[in-house]
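Colleague: Before I plan around this model, I would like to hear on what grounds its descriptions rest. Could you take me through the terms one at a time?

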Amino acid sequence: MSVPTPDAPYGFDQQGRPYSDKSKVIAGVLQILLGGLGIGRFYVGSIGVGIAQLLTFGGLGVWALIDGILFFTSDDRTDKQGRVLRN
């Protein structure tokens with residue numbers, strides 16, 4: 001991780017992408033526990049997907065569970081500004 005700058009206060013990942021102020025662990029926990037309401041998606045700024053999960057109750061729980069697991073395991077999840085979620 002390189003030195004933080006005003007444009008990337010949490011630094012950069014190995015590919016030079018800025019880290020988000022959002023945490024993938026918090027997003028994953030929110031998505032697994034409250035994914036039927038789309039809370040994990042709302043947290044990272046994916047309003048459209050959050051509304052879709054809210055209206056389908058997280059794909060009857062399946063979509064929300066898979067999405068929550070992917071938040072934990074994927075290193076490419078981003079926030080609304082396209083910044084990589086922190087660990």
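**Terms and the values behind them**

Modeller: Buried stands for under 20% relative accessible area, exposed for over 50%, and partly exposed for what lies in between, with a 1.4 Å probe and protein chains only. This is a predicted model, in which local features need pLDDT of at least 70 and side-chain atom pairs count only at pLDDT 80 or more, while totals for chains, interfaces and linings use all residues. Residues are numbered from 1 along each chain as its sequence is written, and side-chain values use heavy atoms, with hydrogens and water left out.

Colleague: What makes Asp67 and Arg41 a salt bridge?

Modeller: A salt bridge requires a side-chain nitrogen of Lys or Arg within 4 Å of a carboxyl oxygen of Asp or Glu. The closest N and O atoms of Asp67 and Arg41 are 2.7 Å apart, so the pair qualifies under that limit. Helices (H or I, at least four residues) and strands (E, at least two) are DSSP runs, numbered from the N terminus.

Colleague: How many salt bridges does a search of the whole structure find?

Modeller: The search finds 7 salt bridges. One of them joins Asp75 and Lys24, with the closest N and O atoms 3.0 Å apart; Asp75 is in the loop between H4 and E2 and Lys24 in helix H1, 51 residues apart.

Colleague: Why is Lys24 called buried, and why is Asp75 called exposed?

Modeller: Lys24 has 8% relative accessibility and therefore counts as buried, whereas Asp75, at 53%, counts as exposed.

Colleague: Which other residues of helix H1 are buried, and how do you know that they lie on the same side?

Modeller: The buried residues of H1 (residues 24-34) are Lys24, Ala27, Gly28 and Gln31. They cover an arc of only 100 degrees around the axis, which puts them on the same side of H1; the arc is that of the directions from the helix axis to the C-beta atoms. Their cover includes strand E1 (19-23), helix H2 (39-44), helix H3 (47-60), helix H4 (62-73) and strand E2 (84-86).

Colleague: What makes Leu34 partly exposed?

Modeller: Leu34, found in helix H1, has a relative accessible area of 38%, and therefore falls between the two limits for buried and exposed.

Colleague: What is noted about phi of Phe57?

Modeller: Phi of Phe57 is near 50 degrees, a positive value in a residue other than glycine. Most residues other than glycine have a negative phi. Phe57 is found in helix H3 and is exposed, with a relative accessible area of 52%. Leu60 also belongs to helix H3, and phi of Leu60 is near 55 degrees, again positive in a residue other than glycine. The relative accessible area of Leu60 is 74%, so Leu60 is exposed.

Colleague: Why is Gly82 called partly exposed?

Modeller: Gly82, in the loop between H4 and E2, has 45% relative accessibility and therefore counts as partly exposed. The C-alpha atoms of Gly82 and Ile51, 31 residues apart along the chain, are separated by 19 Å.

Definitions and conventions
Contact means heavy atoms within 4.5 Å.
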